[in-house]
Amino acid sequence: MKIFSVISAILITAFFFSFSLHHKKEYNRLYESSVNDLDKQLSRLLEVIKNNDVSVQTGREHIRRQIKTCRLSLKGLDFWFRYFEPVAYRKINGPLPVEWENEVFEKFEPPYRREGAGLTLAEQYLDEETVSGDSLSGLITSSVNALATFRADSITQNLDSHHHFFLANRLYLLNLAALYTTGFECPDTSSVIHELRSMLKKVKEIYSTFDETFPSISLSKEYLSLYDKAIVFVTGQPSQFSLFDHYTFIKDYVNPLFSMNQQFITRHSVVTKNYNDYSLNNNCSSIFDKSLYAPQNTKGIFSLVEDEALLKEIKQTGKLLFYDPLLSANNLRSCASCHKPTEYFTDTTQTTSLQFDRKQRLERNTPTLINVIYNHLIMLDGKHISLQDQAKDVMHNEQEMNNDQDELLKKILSCKEYKVAFKKFLKYTPEEKEVTLSHIVSAITYYYADFSHYAAPFDNAMNNRQTISADVQKGFNLFMSKAQCATCHFVPMFNGVKPPYIGSEFEVIGVPEDTGYHKLSPDKGRYKVNPAHETMNAFRTGTIRNTAFTKPYMHNGILQTLEQVIDLYDAGGGAGKKLAVINQTLSSDSLRLSDPEKKELIAFIHSLNENIIFEAPPSVLPRSANKELNNRKTGGEY
Amino acid sequence: MRYAFAISSLFLLVVISDSKCSKQKQTEYDIPDHVTPENRALFIERAEKGKILYKLYCADCHGIFARGKDSIPNFTKTQIDNYHATALIGLDPKNHAVAQKMSSEQIDYVVTFLRLRKVKK
């Protein structure tokens, strides 16, 4: 009897084991067969390139058709590939020939040069006069080689457990909101929605196979039913991406799916081993919530302080310092002189601010400090990797505050109120023996960062908390399609940080020196930090949020109105305006926006004005033991 | 009477903790010869900051200072490198809740301390 029960137990276990093994193979098999299919299509593309003459139209059309077949095949793998190995993915479908990158965890090293290859670039080159069969073959051969990465054990073993699935799915949903519908890496914009439909269906197949293989941790019925509705919605939408309802697609389908997927991540105790996840917050339930990804460290030296009451004191001291002209060598200029806290922390009256000598002008326009914490690199050229480094730089900079560190500390600590406060804060930074400049700047960054957590009407609408006008929705749909804004200003921060939100992007758009477009602005931008052909005149992409209140625009403050800015883009940037910009990252073709369309775009931009609660300036500044310093003005002057 | 007891016990505590401190050995650092004297001083300053942070936030799990001897486990170079890399990316929040909150400078101090600390063989 005993033996019988043991044997039957073994048999049952073996049965279930083989059952699960069998099904695990199903999920793996789908991956494998999809990789094989792409491999086959890429090899065929190489043959088509070899057998056709690229200098004649029919030859090019044959190649183009096979590129499209390959792209569709890739859409069945995008879900996994982008998550598993984004660097290798760029060899299969990179958006640019060369990208210079500084991702969050690489910030402490010089920028990396990453060469793109593959389908998007091949399709772009096909329309250029200099195209050759060899260069096309080169791009596709790189893709074939990169495909081997995705067959490696280190990658495929991820498929054996559920952990990767919900994380890859999160990235997929974020990409659905931010990249897949914008033509970001689809040069033929007439194919965007066609490819989207195909991808949605292929991912449905991935979902079904996953659910078969991991029945106990499958996607919920609610999720799958909403996903099916998303497919129906997209199928019923026009095929032209400029007529596609991006607003409803994201609001009613992608964002709720994202929210459910976040719950799965928590419920199934998903653990990540991937370097694409670390910036994303598992506790955030909406793409349009500012907790979506980790911002800059705003606490600096006070990072380990948890005590709320003390943090409040640090913030108050930071506020006093922000308004205190003691921070400049001549005791005339404070942070608030240029970053006016009641005016979105910028100065709307100056093209570029006066230098320390009060005669010459600075090279660049004062940026707003609101939402800077959501950039991974600070300053328009990405010179600084932390907010605290940036603040120190301004204080030392000869053209700005022109201060000597010891002198500055002496002045600040000559005020009793500051001295008492910092002596207290010092106890919470045990590694430091005395008050340093790091204490000063950390209090300042902690203060101003507080103004970045507000939501805009557009966020509220996306989260179903308020309704928004039809013009705004139309403007957003244009922003995401025809106006080509969203290929650089990514959802949801509308800055240069795209999913998985780990790096800041730079672009060359050919900003002129004068409004007559006679000359390109001589500012070298990112080139000053990282000299390379691609970085000449490149600037970090800023956010669209609150722009209605942060004029003047562009790095040199040359444009005064949003209409002027839209005209620059509509014309195809500086190159479209006939300026010699050799490395413009923006197409030089006109966008052909109509006047009503421009108005709708502006309506959308206004919906990104955040409901910020500003504070009044401090009534008095701390009194110094040095009486001469007590005449200084709150907020400073010019 | 009660005050006297409190004061005397406080005094005793100070004496004990004082003697504890004096017993603790100063950490010696291994800095390559090619490093200039100024940079050497800077390295040591950073490592000393790291030591303070390590004692406060890491030593509970990774070795114990409190017994008056340097019993920090000897991390291998690879282990330290891995720590540095993962600390920048984001450490496992279950086991490294404090390290995760540190600023990049603070992580740097701790790593400098671990890298330069002379390991007794």
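Predicted model: local features only at pLDDT ≥ 70, side-chain atom pairs only at ≥ 80, totals over all residues.
**View 1. The surroundings of V254(A).** Neighbours within four places in sequence are left aside here. V254(A) is then in contact with L173(A), L176(A), A177(A) and F249(A).

**View 2. Where chain A meets chain B.** Chain A brings 12 residues to the contact, and chain B brings 14. On the side of chain A that touches chain B, seven residues are nonpolar, four are polar and one is charged.

**View 3. Helix α16 of chain A and its buried residues.** The helix spans residues 416–426. Its buried residues are Y418(A), A421(A), F422(A) and F425(A). Seen down the axis of α16(A), they fall within an arc of 90 degrees, so they line one face of the helix. The face turned away from this buried side carries the exposed residues K416(A) and K423(A). The cover over the buried residues includes α12 (308–322), α15 (405–413) and α17 (437–448) of chain A.

**View 4. The domains of chain A, with the contact between domain 1 and domain 2.** The domain assignment gives domain 1 as 33–160 and domain 2 as 162–274. Domain 3 takes in 300–453 + 619–631, and domain 4 covers 465–606. The centres of domain 1 and domain 2, taken over C-alpha atoms, are 22 Å apart. Their contact takes 16 residues from domain 1 and 18 residues from domain 2. On the domain 1 side, α2 (57–75), α3 (78–84) and α5 (119–126) of chain A each supply at least two residues. The largest share, five residues, comes from α3(A). That side of domain 1 divides into five nonpolar, five polar and six charged residues.

View 5. Most residues other than glycine have a negative phi, and most peptide bonds are trans. P492(A) sits in the loop between α19 (470–480) and β3 (506–507) of chain A. P552(A) belongs to the loop between β4 (539–540) and α20 (562–570) of chain A.

**View 6. Positive phi at N371(A) and F494(A).** N371(A) is not a glycine, yet its phi is positive, about 75 degrees. It lies in the loop between α13 (335–338) and α14 (387–396) of chain A. N371(A) counts as buried because it has 26 C-beta neighbours inside 10 Å. F494(A), not a glycine either, has a positive phi of about 55 degrees. Its place is in the loop between α19 and β3 of chain A, the loop that also holds P492(A). F494(A) is buried, with 26 other C-beta atoms within 10 Å.

Technical notes: Residues numbered from 1 in each chain as written. Chains lettered and ligands numbered in written order. Contact = placed C-beta atoms within 7 Å. Nonpolar A, V, L, I, M, F, W, Y, C, P; charged D, E, K, R; others polar. Buried ≥ 20, exposed ≤ 12 C-beta atoms within 10 Å, placed from the backbone. Helix = DSSP H or I, 4+ residues; strand = E, 2+ residues; numbered from the N terminus. Arc of directions from axis to C-beta. Domains from an automatic or database assignment.
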